[in-house]
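Thanks for coming. I will go through one structure today, starting with its overall layout and then moving to some local details.

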Amino acid sequence: MNAPVGTNNLDAFWMPFTANRQFKKAPRMFVAADRMHYTTAEGNKVLDATAGLWCVNAGHNRPKIVEAIRQQAGELDYAPAFQMGHPKAFELASKLVQLTPPGLDHVMFTNSGSESVETALKTALAYHRVKGDGSRFRLIGRERGYHGVNFGGISVGGIVANRKMFGTLLTGVDHLPHTHDLERNAFTRLQPEHGAERADELERIITLHDPSTIAAVIVEPVAGSTGVLLPPKGYLQKLRDICDKHGILLIFDEVITGFGRLGTPFGADYFGVTPDIIVTAKGLTNGVIPMGAVFVKSEIHDAFMHGPEHMIEFFHGYTYSGNPMASAAALGTLETYQEEGLLTRGAELASYWEEALHSLKGLPHVIDIRNIGLIGAIELDPIAGEPTRRAFSAFLDAYNKGLLIRTTGDIIAMSPPLIIEKGEIDFIIETLGSVLKSLD
Ligand SMILES: Cc1ncc(COP(=O)(O)O)c(C=O)c1O
């Protein structure tokens, strides 16, 4: 029987990526947020060490963003995305391509990271076709890659649970090995020394399938969702070189690394490697209104601009692509980033963050600590036969002590808003220290 209308029953909402039964027994509800903190339904303050889900880069409740949304709602709530335009989407696009690495000067809008991934993969396939190179249909991803939850993304992604749950996925996909190597790289600060040779696997995969069948390679410059896996020194450049050699497009999924997370506007800037397509979302609107953006090189965009002018050049887009409310939120976000220097603030704080994190070395169960920009991860030794339980206990204990962290497997991942102050970093480390000391 359905629950009576108006009752606040927790049962109806099947929550995403959540242990639903556990949550509903002891719900953790946020009712407000400001700058670095949430307020819980019980009135407690919780420091947000995860920027929501890696998205609230400017912190919560930022006036420029709130005001932009308010104004937009009363001015132009919606405009059709196909065959019609509105000024803010164009203003936003022009501002964004000023921020991207040189050459990536066209942008398509989506509503999420997952949609940005699908858009990038479809663009890569279609690009080769419009150039008359339609035999390039294969996509190469990587083990432990996370590219959202849609079919293209889970196919190129390398998450075992997706393979177990959802069957065959897309065909014509192959995977690079992941780069996580605890034996050689544990407790390395910033990029690991060992592992660049894993990029050579791309040559092997390409040879197996023949280069003429491969459309694109997609990787996260730093894999976030599967536990903060950093690219070994030289690894990304090798991927770039191999792709160039064989006419293959390189896609960076920067849903996490985009918009200042590494102390540079994009991960491509940090690593000095420019892909052909950059996938973004999250920090684009500070997470406040759903929006994603896919940046492409002009060669890609221009390859589509042929044929009769009244014809649609690319058969792709969403009802909400460049939605007025989302565009306004993104413009307010960019203004906030620029006024406060947030796209590079991570670089100023990175060494303090690094020292603080690595001070936790030696605490019980800690088998690795990793950091880059304002990202940090602590890998825990799993409880035998009960993977994820130890990190989940840490998550619950931290929450009860006023700290929001994220866990994936037995890895604690952190990515605080870029407005964080040193005192707040100290709070994170003290709280985590006490959580780790009391873990079973
Ligand atoms: C690298 C990467 N790609 C894609 C996504 C999917 O984004 P969304 O949840 O907005 O669909 C995520 C989400 O965490 C991500 O980290």
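**A walk through the model**

Let me start with a pair of residues: in strand S2, His 37 is the bridge partner of Asp 34. Before I go on, please keep in mind that this is a predicted model.

That pair belongs to two strands, S1, residues 30-34, and S2, residues 37-40, which pair in the antiparallel sense over four bridges. Another pairing you can look for is Ala 32, which stands opposite Thr 39 in S2. S1 and S2 make a hairpin with two residues between the strands, and there Arg 35 takes a positive phi near 50°.

S2 also has a partner in strand S3, residues 45-48; these two run antiparallel and are joined by three bridges. Here Tyr 38 stands opposite Val 46 in S3. S2 and S3 form a hairpin as well, with four residues between them, and in that turn Gly 43 has a positive phi of about 90°.

What is the order of the strands in the sheet? It is S1-S2-S3-S13, four strands in an open sheet with mixed pairing. The edge strands are S1 and strand S13, residues 403-404, each of which pairs on one side only.

Now the domains. The domain assignment of the protein gives two: domain 1 covers 20-62 plus 341-437, and domain 2 covers 66-340. Taken over C-alpha atoms, their centres are separated by 26 Å. The contact between them takes 36 residues from domain 1 and 30 residues from domain 2.

Which elements of domain 1 touch domain 2? At least two residues each come from helix H2 (51-54), helix H14 (342-358), strand S11 (366-372), strand S12 (375-380) and strand S15 (411-414). H14 supplies the largest share of that side, nine residues. By class, the side of domain 1 that touches domain 2 has 17 nonpolar, 12 polar and seven charged residues.

Last, a point about backbone angles. Most residues other than glycine have a negative phi. Two further residues to look at are Phe 17 and Lys 282. Phe 17 is not a glycine, yet its phi is positive, near 40°. Its place is in the segment before helix H1 (20-25). Lys 282 is not a glycine either, and has a positive phi of about 30°. You will find Lys 282 in the loop between strand S9 (277-280) and strand S10 (292-296).

Is Phe 17 buried or exposed? Phe 17 has 8 other C-beta atoms within 10 Å, so it is exposed, given that the cut-off for exposed is 12 or fewer. And Lys 282, buried or exposed? Lys 282 is buried, because 29 other C-beta atoms lie within 10 Å, and 20 or more counts as buried.

That is where I will stop.

Terms used. Residues numbered from 1 in each chain as written. Predicted model: local features only at pLDDT ≥ 70, side-chain atom pairs only at ≥ 80, totals over all residues. Domains from an automatic or database assignment. Contact = placed C-beta atoms within 7 Å. Nonpolar A, V, L, I, M, F, W, Y, C, P; charged D, E, K, R; others polar. Pairing = 2+ DSSP bridges.
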